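These are my notebook entries on a single structure. I record below what I looked up in it.

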Amino acid sequence: MKKIIHTRSAPQAIGPYSQAVIANGFLFASGQLGVTPAGEFAGKDIATQAKQSMENVRAILAAADIGFENIVKTTIFLADINDFAAVNEIYASYFSGEFPARSTVAVKTLPKNGLVEIEVIAQI
């Protein structure tokens, strides 16, 4: 059995997918760009977009009544690998204690020409 998670506190899907799905005790969140719930980029710089991506993740977690401490795996997609350090600093500020497992990759382009996209898997 699976449950779809949807919140108006995060951007709506821009394609045929859900913001998140709960299955077998885990939440699988779709990648979050640095886009506000209104659908516009929070800013043009990596720091602003990374922070908004993490705020979108926070909203999706909250809709499932969990928090960052429940995240077990993240994947970060960067339009420019040179933004790795800046995103790391922002990402780290959202966690206290132990960090989840993580992969970070540079990609050719992201949807809407975003600078960063972050997806998470969390334990319920």
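I looked up the contacts of Ile-71, leaving aside its neighbours within four places in sequence; Val-57, Leu-61, Phe-95, Pro-100, Val-120, Ile-121 and Ala-122 are in contact with Ile-71, where contact means heavy atoms within 4.5 Å. This is a predicted model, in which local features need pLDDT of at least 70, side-chain atom pairs count only at pLDDT 80 or more, and totals for chains, interfaces and linings use all residues. Residues are numbered from 1 along each chain as its sequence is written, and side-chain values use heavy atoms, with hydrogens and water left out.

**Core**

The core has 28 residues, and Leu-27, Leu-61, Phe-68, Ile-71 and Val-116 have the most contacts inside it. At least two core residues each come from strands E2 (20-23), E3 (26-33), E4 (71-78) and E6 (116-123) and from helices H1 (46-63) and H2 (84-92). H1 gives the largest share, seven residues. Helices (H or I, at least four residues) and strands (E, at least two) are DSSP runs numbered from the N terminus.

**Asn-70**

I located Asn-70 in the loop between H1 and E4. Is Asn-70 buried or exposed? Asn-70 has a relative accessible area of 19% and is therefore buried; buried means under 20% relative accessible area, exposed over 50%, and partly exposed in between (1.4 Å probe, protein chains only). Leaving aside neighbours within four places in sequence, I found Asn-70 in contact with Ile-121, Ala-122 and Gln-123.

**Aromatic rings**

I searched the whole structure and found five aromatic pairs. Rings of Phe, Tyr and Trp (its six-membered ring) pair if their centres lie within 6.5 Å; planes under 30 degrees apart count as stacked, over 60 as edge-to-face and the rest as tilted. Phe-26 and Phe-28 form a tilted pair, 6.4 Å centre to centre with 50° between the planes. Phe-26 is partly exposed at 29% relative accessible area, and Phe-28 is partly exposed at 39%. Phe-95 is buried, at 11% relative accessibility. I also noted one aromatic cluster, formed by Phe-68, Tyr-91, Tyr-94, Phe-95 and Phe-99.

Methods:
A nonpolar core is a set of buried Ala, Val, Leu, Ile, Met, Phe, Trp, Tyr and Cys residues joined through side-chain atoms within 4.5 Å.
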